[in-house]
Amino acid sequence: MVALAQTSNDATGFIDKLVIHSPSTGDLLGEAPVMDADEVKAAVARARKAQAAWGALSVKERCSALRAFRHKVAQHADDLARAVSTENGKPVQEALTHDILPFCDLMAYFESRAPKILAPQTISLHLMMQRRSYLHCIPRGVIGIIGPWNFPFSIPVGDAVMALFAGNATVIKPSEVTPLIALKAKALWDEACKDEPRLHPDLMQIVTGRGLTGAAVCTSGVNQVMFTGSVPTGKKVAVACAEQLIPCVLELGGINPAIVTADADLERTAHAILWGAFANSGQVCASISRVYVARPLAEKLTARVVELAGGLVQGDPLDPDIELGAMTFLPQIAIGEAILADTIAQGGRVRCGGTPNGRFFPPTVLDNVEHGWKITQDESFSPLLAFIAVDDVETAIRYANDSDKGLMAYVFAGDEEQGARIAERLEAGTTMVNNAIDSHGAPGTPWQGMKQSGLGQVHSAQGLRDLCQVRHVQTRSWLPWMSKELWWYPYSPKVYGAFLKGVKALWGGGVLDRVLRAVGK
Ligand code: TXE
């Protein structure tokens, strides 16, 4: 493996175009334009025009039409997986099983469930029980999607299809590091439109460029933004959306802890932590980066993970035997190296891995680490894994929660029920027990961050509804002959007195409480 020079997709020097090189070989892969604010606005206008007919279809019709796109993606799965692997540097098997497969499953999941999820919902009323209230879901319009480079297909295109199920049109701004795969997705979308007349090419727009193009998406008249990326950029997106008074969903990464109890199954825990830390070279917002392990198990577990890590094969990501590819984003290597150097300087011990070889960062396991060091506080987004031995579960929980991020957490416990009890106390959007990182692949579950890890959620029934305006309609269901409600004009001391009596009788601990007690409530 040779050390590769910085490629232009990491540089800011190209003003007029993005020039994309393979992270693993340095080969030129292609170019994409850098679009300005006017071009972004024009894309939003085209999308809005196409949305009118799309949003007017029933949810069921949209679901049946979108099938054509799922077919195209699944039929081109090999081609797409290779394209993701080539541009991003991840092993081709990961490209298939982390990007393409979950995307197809997400589509199939919402195709069958979206009609029910987006159907009008009746709200049972309380005091005003003579009324009938219901919620109905209306598409928001055009959804802007600003994507990252670590899952360059499944995140932006997955967010886009959810927006489409909800009846919106989409404008995707892919990461400047991996724009080509988004253009490939768009080509497949256009193909699907030829097979399915209810789909329109303009429902999916791709605007390529760097940060300024992303910023332009937020101010281009879109009705919502879905952003995946870093915390500082996420905050800029939130401010821009606040100024437009449009909602945004932010997915901003994490420094995800794992707690391992003394009775955890050593083999499963070691394999899960290995994969959870090193899949996609640790460039996953859900990666396991810090393990708080019960002291009696600490050496055994660390040694087993080190042994397994030593067997991982790193190299050409297109080779199906390869388990670790190249780092996608060159600056990430320096971030990882700085955190590694800091850990060593503080007394941490490198049990395997260490210095990167060009774009290839070996799986690196450290122990003798103390909670509070940089490696337990800063997102490395690289294949660094720290083991911290702890004396009791309470300390592990305290350390796990001592972070400004809260995306994912993990518990490994022999007793799954005890594991779930620990999980409930962890400050994370999702905590998995005896499993690692793949809950994003379960489309019915929410993907959401607490604290600095984000706002809102993607996936899940709620995530789909959040892509709609949820409107409330209220009608009268009984007492329709009443010419006015009791609290309308005119006001008088008599009416005031009657209401006062009612408040005391109903809620003052009298009649109502006696009735509720009598019926056991
Ligand atoms: O992110 P940015 P980058 C983390 C990881 C990495 C760091 C930086 O730690 O080191 O983020 O990566 C667009 N308005 N994650 O530079 O800058 C930009 O063009 C609107 C975690 O890639 O946040 C790109 O499309 N958009 C993450 C997207 O935002 C703007 C996955 C993300 O860029 C913009 C990747 C602006 N002002 C990196 N500026 C995860 N959560 O999984 C830039 N962009």
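Student: Is S460 buried or exposed?
Tutor: This is a predicted model, in which local features need pLDDT of at least 70 and side-chain atom pairs count only at pLDDT 80 or more, while totals for chains, interfaces and linings use all residues. Residues are numbered from 1 along each chain as its sequence is written, and side-chain values use heavy atoms, leaving out hydrogens and water. S460 has a relative accessibility of 4%, and the classes are buried (under 20% relative accessible area), exposed (over 50%) and partly exposed in between, with a 1.4 Å probe and protein chains only. S460 therefore counts as buried.

Student: Where is S460?
Tutor: S460 is not a glycine, yet its phi is positive, about 70°. Helices (H or I, at least four residues) and strands (E, at least two) are DSSP runs, numbered from the N terminus. S460 belongs to residues 460-465, helix α15.

Student: What is the relative accessible area of F381?
Tutor: F381 also has a positive phi, about 50°, without being a glycine. Its place is the loop between α12 (374-377) and β14. F381 is buried because its relative accessible area is 13%.

Student: Which residue is joined to Y489 by a cis peptide bond?
Tutor: The omega of this bond is about 0°.

Student: What is the relative accessibility of L486?
Tutor: L486 lies in the loop between β22 (468-476) and α16 (493-507). L486 counts as exposed because its relative accessibility is 57%.
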